[in-house]
Amino acid sequence: MADKRDSTTARDAGPGSAPANAHEGALEPAARDWTDGHVERWLPVLPGLDPDIEGAVTRMKKLTVYLRRIREQSLIDFDLERPEFDTLHKLAGRGGRATPSELAADLDLAPASVTGRLGGLESRGLIRRTPSKEDRRRVDVELTKSGRSIWLGAMDVLGHEEYRLLGVLSKDERAQLSDMLRRIMLVAEEGGGASWR
C-alpha cells in the first residue's frame, strides 16, 4: 500500500499548479458521511444545535468505536485476551523489564491479580520471571522475544489503520489536527476529569 502520509494535495500545490480536476479549478463538493445525515436529522428537532460541534463530537465517537473494533480484532488474530495485551503493553513500555509491583501500579491492579496474569503469560512463553540481579528477594518480569513479537504484531494492525485514516491529511494538517485536539483535551483534563493511565 502506498504511503499517502506526505502526499501533496491540490490544496498544498503552489501557484501555477494544474487544478486537481478538469473543471477549471472548481472545488468538488465535499463527500458526505453518515454524520452529515445525522446532523441534518437533528437540526429541526434541536434548532439551537451547533452542527459543527455535533459533527465533530459524533465523528470522534464513531472513530473511537471503529479503532476499538480494529484493536479487538487484532487481539483475536494474535490469540490475546485484553488483559494479556495490556500487561505486555505496560511491560514493553518499561523497556521490557519490570517488577510485579511496578506492573500492578501501571495496571492499577492488586498485586495478586497481576501474579495470575503473569502465570498465564509465562506458560505461553511470552514473559519470563527471574530473580533480580540487584536483590535476590525480588523477581523481575521480562518480555521474551516471542512476547515482544506478538505485542508488536497486535500494535502494528492498529498502527497501520491509523496511518491509513490520517493519511488523507497532509503532514501540516495532521499537526494542526493534533494541536486542536490537544487544546480540547487540556480543557477536558482540568481537575483530572479526563486523565487516565
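Helix α3 (residues 82-93) lies across β1, β2 and β3, running at about 100° to β3. That angle is taken between N-to-C directions on a 0 to 180 degrees scale, with axes as lines fitted to C-alpha atoms, for helices over the stretch in contact, and contact means heavy atoms within 4.5 Å. The helices (H or I, at least four residues) and strands (E, at least two) are DSSP runs, numbered from the N terminus.

A word on the source: this is a predicted model, where local features need pLDDT of at least 70 and side-chain atom pairs count only at pLDDT 80 or more, while totals for chains, interfaces and linings use all residues. Residues are numbered from 1 along each chain as its sequence is written, and side-chain values use heavy atoms, leaving out hydrogens and water.

The three strands make an open antiparallel sheet in the order β1-β3-β2, where two strands pair if DSSP finds at least two bridges between them. β1 (97-98) and β2 (127-131) are the edge strands, each pairing on one side only. Between β2 and β3 (residues 139-143) there are five bridges, and Pro-131 sits opposite Val-139 in β3. Along the sequence, the whole chain reads α-α-α-β-α-α-β-β-α-α.

Now for the charges. A salt bridge here is a side-chain nitrogen of Lys or Arg within 4 Å of a carboxyl oxygen of Asp or Glu, and the count comes to 16. Glu-84 pairs with Arg-124, with the closest N and O atoms 3.1 Å apart. Since Glu-84 is in helix α3 and Arg-124 in the loop between α5 (111-123) and β2, this pair ties together parts 40 residues apart in sequence. Buried means under 20% relative accessible area, exposed over 50%, and partly exposed in between (1.4 Å probe, protein chains only). Glu-84, at 17%, is therefore buried, whereas Arg-124, at 33%, is partly exposed.

Asp-140 and Arg-138 also meet in a salt bridge (3.3 Å, N to O). Asp-140 counts as buried because its relative accessibility is 3%.

Elsewhere, Ile-53, Val-57, Met-60, Leu-181 and Ile-184 form a nonpolar surface patch with about 410 Å² of accessible area together. Patch members have over 30% relative accessible area and no salt bridge, with like charges joined within 9 Å and nonpolar side chains (Val, Leu, Ile, Met, Phe, Trp, Tyr) within 5 Å; areas come from the Shrake-Rupley method with a 1.4 Å probe, and for residues only the protein chains shown count as cover. Helix α2 gives the most, three residues.
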